[in-house]
Protein chains: 2
Amino acid sequence: MSVRDTVPRPTARPTLESVAARAGVSRATASRVLRGSSNVSAAAREAVLRAADEMAYTVNRAARALVTRRTDSIAFLVAENEERMFGDPYFLGVLRGAQAEAADAAIQLVFAIASTEAETRQFVQFVSGRHVDGVLLVSLHGDDHVAQELEDVDVPTVLNGRPFRPDAPLFSVDSDNVEGARIATACLLERGNRTITTITGPLDMAPGQDRLSGFQQALSDARRPFRTSLCAEGDFTIRGGAAAMTALLAAEPDLDAVFAASDLMAVGAMRVLAEHGRRIPDDVAVVGFDDVREAQLAAPALTTVRQPVDELGRTMTRVLLGRIAGEVVQQRTVLPTELVRRASA
Amino acid sequence: MSVRDTVPRPTARPTLESVAARAGVSRATASRVLRGSSNVSAAAREAVLRAADEMAYTVNRAARALVTRRTDSIAFLVAENEERMFGDPYFLGVLRGAQAEAADAAIQLVFAIASTEAETRQFVQFVSGRHVDGVLLVSLHGDDHVAQELEDVDVPTVLNGRPFRPDAPLFSVDSDNVEGARIATACLLERGNRTITTITGPLDMAPGQDRLSGFQQALSDARRPFRTSLCAEGDFTIRGGAAAMTALLAAEPDLDAVFAASDLMAVGAMRVLAEHGRRIPDDVAVVGFDDVREAQLAAPALTTVRQPVDELGRTMTRVLLGRIAGEVVQQRTVLPTELVRRASA
DNA sequence: TCAGATCATGAGAGCGCTCTCACAGCGCAA
DNA sequence: TTGCGCTGTGAGAGCGCTCTCATGATCTGA
């Protein structure tokens, strides 16, 4: 033991060595206790725990990571055109859920954004250096190639939403867009609406596709005919919803209900309906999707479909941590959605 | 050189050792090149750079952190009741800005939430173990004690907003709430409004205080009397804004303008005004604060004050990184706000 | 009673890097 | 020639931890 060890600088952090010394055991035993390993006597365990507590010991993660090759941190990567994502409470809910679940497992969440091709490349490069144990990938336009690239460099990845190609060998957690759209449409059918139309999301996006599927499925279940003039494609924005509503009114002047595949599009649609003097819900019933704050503020308040965003983030994290731990986990998880009845339908 | 070194497993990451070997220099020289140190010959530099590139070398941050005692990561801590913060695009903007600036400096952002006292304690404990180099602290209710605790354990911290006690020895970046409120009120004065009222934020929060100060200052500049019946305290929510508006109408039936210290409160106020048959802006002009998405959606569209949220995050990060680097940085930074004129005033 | 299994423990190697220190090589003044 | 400073370089220590392996203590069954 050198002089340096016996006279530590007052600001020096306690090390495992010093905890072990105080507890009167070896570094190895102290390490075993602190990692919760078995095969340690009760006496030793207690001594180490007390010493660690008294010295306010915290493990040096860098040192641990160096030997275990695990960082105990995962990345939350937003691979998306920022503007689109950052207005979206959906995204925030997922982040919150992921953070909560990671915190429960004492895992750090590293937040990253890669909105351009160059940034994506840089991130993949960074991450392939094993600086995080895995990646939670949030991307609205279900672009599988980032996830695939990450898997290619052996970084476990879990996708938000579903892979665009349903057969892609990727892990994902999605909310049940099909079922959500189906119950939304079924709600309109139950009201006795006759001409039910839909404003779809972009059909090159998985949620856009799935919500249209649900709509079609509900019509089909009720033996109602589907025709293309019943739907108009939007882009998940207010403006797009308004444009689609205008188109629908032209194509189906008798329409008495509309299912918008997002709340913002529903808000745009409601505005157009008001301009055309159609009362909601008396003349035209409206159902949205997402349950964003604007849905409650709308006049009348919007009936919509809520997804468990928080739980989405939590589940993604659970799946990822499972993969990292080498457990067998379900490749595709689908979480239930729920109808929130308000005044618009 | 052992057999292990000459026959590496194919999946093994390249180490500095192997890069140096390929470049025909020592590990020390390779390290110098990769850290951008001077005192390296051009030949050596080029050889190392090429070798690193060919082997797709990435530095092992754990190993580096172990010796430098720097992690090259900072925490983004949300110390706030989650519900309040997570509906707020303000928060998201700050996060985005911070991420962008951190990424530019090759610093990782660790995202953390501490909404309860226990979680806060846990975070302080975690962070006092030097697992991040500093903390960006986002807390709406300007509660200084978390920042103070972090500074007490020698973790550089930068606060979002201003310290609640203006003389607290803390670093902070704020937007100019006083000036924002002043120009909002000045706008109403310019319109010729006679009885200008305000719905304040919670007066135990710095932004609440500052926006009220700006309001008073504008009145005082225009030699208009201020009386307490001109203001009602809200809580930054729609419901609170509505309640405050009701109170104001009772106290000042002749009011012809209202400055709400947040857009959501403005929305609540507009609703109450509509219920009372007051037309906006003809009977009562309304100005908000924040420029959230709902401000554009409101009918009529809300005139409001925009803060540079993105820049707020960027500046906080810049200040923090400056502190970490040991530079002398300004203790308190205030960013300008801007009036966005729409239809409501 | 003793061989063999089981358990708690400590010694020590080594993870991949940075950084100090010593030294060789060179130019320049005396 | 000698002495000095300067520059580029490599050897080697060591950051704080985990994990393997050897060892001694304890327990089991015959």
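I started with the contact between the chains: 31 residues come from chain B and 29 residues from chain A. I counted two residues as in contact if their C-beta atoms, placed from the backbone, lie within 7 Å. On the side of chain B that touches chain A, the elements giving two or more residues are α5 (61-68), α6 (82-86), α7 (89-104), β2 (108-113), α8 (117-128) and α14 (293-297) of chain B. Helices (H or I, at least four residues) and strands (E, at least two) are DSSP runs, numbered from the N terminus. That side of chain B splits into 15 nonpolar, nine polar and seven charged residues. Here Ala, Val, Leu, Ile, Met, Phe, Trp, Tyr, Cys and Pro are nonpolar, Asp, Glu, Lys and Arg are charged, and the others, Gly among them, are polar.

A note on the source: this is a predicted model, where local features need pLDDT of at least 70, side-chain atom pairs count only at pLDDT 80 or more, and totals for chains, interfaces and linings use all residues. Residues are numbered from 1 along each chain as its sequence is written, and chains are lettered from A and ligands numbered from 1 in the order in which they are written.

Next, the strands. β2 (residues 108-113) of chain A runs antiparallel to β2(B), joined by three bridges; pairing takes at least two DSSP bridges. I found A:L109 opposite B:F111 of β2(B).

Then DNA strand D. The surface near DNA strand D divides into 12 nonpolar, eight polar and five charged residues.

Last, helix packing. In chain A, α12 (residues 238-251) and α13 (residues 263-275) pack at about 50 degrees, axes 6 Å apart. Axes are lines fitted to C-alpha atoms, for helices over the stretch in contact, and angles run from 0 to 180 degrees between N-to-C directions. That angle makes α12(A) oblique to α13(A); under 35 degrees is roughly parallel, over 145 roughly antiparallel, 65 to 115 roughly perpendicular, and the rest oblique. Their contact divides into 11 nonpolar, four polar and two charged residues.
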